[in-house]
Amino acid sequence: MNTYDIEYTDTFSGESNYSWVRRATVTMPELTHYGYDGSTNYSKANKIYRRELMKKAKAAVGLTGLRGRVEDYGDMIRFVPYGQCTVLIINYAD
């Protein structure tokens, strides 16, 4: 199981401000759960894994159904909802 730390906070000039913050932790199964067999299907399984991770993270902080821009930095994913001055940050915790 992979563990991720979730932070949802406000922004000031596009950067995280942390005048208030909601924190949560979500766990995700290994990539093999989504069809990766060690040699093929990595791209498809990784796409499904990222989508499910984003759905769990948004649900954990109450953002279900909101659309926005996703920035992927490898071990950190940043989600900026459209029309709001907030940001959702997903960090790999293990």
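Predicted model: local features only at pLDDT ≥ 70, side-chain atom pairs only at ≥ 80, totals over all residues.
Visitor: OK, and how many bridges join E1 and E5?
Guide: Strand E1, which covers residues 2–12, pairs with strand E5, residues 86–92, over seven bridges, and the sense of that pairing is antiparallel.

Visitor: What's the order of the strands in the sheet, then?
Guide: The sheet is an open one made of five strands, and reading across it the order is E2-E1-E5-E4-E3, with antiparallel pairing. Strand E2 (15–28) and strand E3 (68–72) each have a single partner strand, so each of these edge strands has one side left without a neighbour in the sheet. From one strand to the next, the twist averages 20°.

Visitor: Which helix packs on the sheet?
Guide: That is helix H1, residues 42–61, which touches E1, E2, E3, strand E4 (76–81) and E5, and whose direction makes about 120° with that of E2.

Visitor: Back to E5 for a second, why is it called largely enclosed?
Guide: Five of the seven residues of E5 are buried, so the strand is largely enclosed by the rest of the structure.

Visitor: And what about its pairing with E4, how many bridges are there?
Guide: E4 and E5 pair over four bridges, again in the antiparallel sense, and within these two strands methionine 76 stands opposite asparagine 91 in E5. The hairpin they form has four residues between the strands, and glycine 83 there takes a positive phi near 75°.

Visitor: New topic: which residues have the most contacts inside the largest nonpolar core?
Guide: Those are Tyr4, Ile6, Leu53, Leu88 and Ile90, in a core that has 19 residues. The elements that give two or more residues to this core are E1, E2, H1, E4 and E5, and H1 gives the most, with six residues. As background, nonpolar side chains tend to be buried together in soluble globular proteins.

Notes: Residues numbered from 1 in each chain as written. Heavy atoms only, no water. Pairing = 2+ DSSP bridges. Axes fitted to C-alpha atoms, helices over the stretch in contact; angles between N-to-C directions. Contact = heavy atoms within 4.5 Å. Buried < 20%, exposed > 50% of the residue type's maximum accessible area, 1.4 Å probe, protein only. Core = buried A, V, L, I, M, F, W, Y, C linked by side-chain atoms within 4.5 Å.
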